[in-house]
Amino acid sequence: MCNRALKGSRWVGYTFPPSLPYKVQLGREGLRGREIIIEPFKVTSTDGQNEYMLLDCGEGTLHQMITMFGRERTNLILGQTKAIFVSHLHFDHHVGLFSILRAIPETRAQDSGVRQRPLLLAPYFLLNWIRLYSKHVLNISQDFEFIPHSVLLNANHTAREGLLQQVKTRLCLTDLQLCQVLHTKSSAGLVMQHNDGWKLVYSGDTMPCETLVKAV
Ligand SMILES: [Zn+2]
């Protein structure tokens, strides 16, 4: 859904489509041998208030956003990011998270409005990486509200309903479901239905998965 604004023959930036929701698929930058590998990364609006959600956060996400949107608009998007969903723990789906979490408070510091920290929906083990990064590089442990997949996936967990409601309220959703999908041990798919009626399904890297189909 690439929508590029042209001035003469010069590319001057990305123009969002007028209708909501929109989804922007960027790419991951990574080196494998001498090749540059581009893999999916996505941004979607969650309602009409220019608010955003990141669906996975691969290597080079921040740089991809700056390349595509420009620094000023990237700061706006990051400042209005309500949630980040990490589907599983392969590096190409979460290594970009650290620079994103570093950048978000900086955008908010430039913004006069008081904004909530983004929700981070992710496998519990991701906290180990965040703790290591916070210890050795920069403390980002207070820059998000963590919601582990394991709680949302466990129908018997006492905190599940409260956390589901928290996410639904924050993202203006009428329905939210996570389900285990067929990839790594802690892989989750996401189905969400917005107050405005649209529905979004995100499956990460799953094989064809009956559980996800039923959740939709
Ligand atoms: Zn994977």
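Select helix H5 and turn to the face away from its buried side: the exposed residues Lys135 and His136 are there. Exposed means over 50% relative accessible area, buried under 20%, and partly exposed in between (1.4 Å probe, protein chains only). Helices (H or I, at least four residues) and strands (E, at least two) are DSSP runs, numbered from the N terminus.

A note before going on. This is a predicted model, where local features need pLDDT of at least 70, side-chain atom pairs count only at pLDDT 80 or more, and totals for chains, interfaces and linings use all residues. Residues are numbered from 1 along each chain as its sequence is written, and side-chain values use heavy atoms, with hydrogens and water left out.

**The other side of H5**

H5 covers residues 126-136. Now select Leu126, Leu127, Ile130, Tyr133 and Ser134, which are buried. Look down the helix axis: the buried residues fall within an arc of 120°, so they line one face of H5. The arc is that of the directions from the helix axis to the C-beta atoms.

Next, pick Arg131, also in H5. Arg131 counts as partly exposed because its relative accessibility is 47%.

**Leu89**

Go to Leu89, in the loop between strand E8 (81-85) and helix H3 (91-94). Leaving aside neighbours within four places in sequence, Leu89 is in contact with His94, Pro123, Phe125, Leu126 and Ser186. Contact means heavy atoms within 4.5 Å. Leu126 is one of the buried residues of H5. Pro123 lies 34 residues apart from Leu89 along the chain, and their C-alpha atoms are separated by 7.2 Å.

**H1 against H2**

Show helix H1 (residues 61-69) and helix H2 (residues 71-79). Their axes come within 7 Å and cross at roughly 125°. That makes H1 oblique to H2. Axes are lines fitted to C-alpha atoms, for helices over the stretch in contact, and angles run from 0 to 180 degrees between N-to-C directions. Angles under 35 degrees count as roughly parallel, over 145 as roughly antiparallel, 65 to 115 as roughly perpendicular and the rest as oblique.

Which residues make the contact? From H1, select Leu62, Met65, Ile66 and Phe69. From H2, select Arg71, Arg73, Thr74, Ile77 and Leu78. By class, the contact has six nonpolar, one polar and two charged residues. Here Ala, Val, Leu, Ile, Met, Phe, Trp, Tyr, Cys and Pro count as nonpolar, Asp, Glu, Lys and Arg as charged, and the others, Gly among them, as polar.

**Asp56**

Step back to the loop between strand E7 (51-55) and H1, and select Asp56. Its phi is near 70°, a positive value in a residue other than glycine. Is Asp56 buried or exposed? Asp56 counts as buried because its relative accessibility is 1%.

**H7 and Cys172**

Move to helix H7 (160-170). Its buried residues are Leu163, Leu164, Val167, Lys168 and Arg170. Now show what covers them, including E8, strand E9 (119-122), strand E10 (145-148), helix H6 (149-153) and E11.

Just after H7, stop at Cys172. Cys172 sits in the loop between H7 and strand E11 (173-180). Phi here is positive, about 55°, although Cys172 is not a glycine.

**Whole chain**

Zoom out. The protein chain has eight helices and 13 strands. Of its 216 residues, 48% count as buried. Among contacts with a separation of 6 or more, residues 24 or more positions apart account for 58%.
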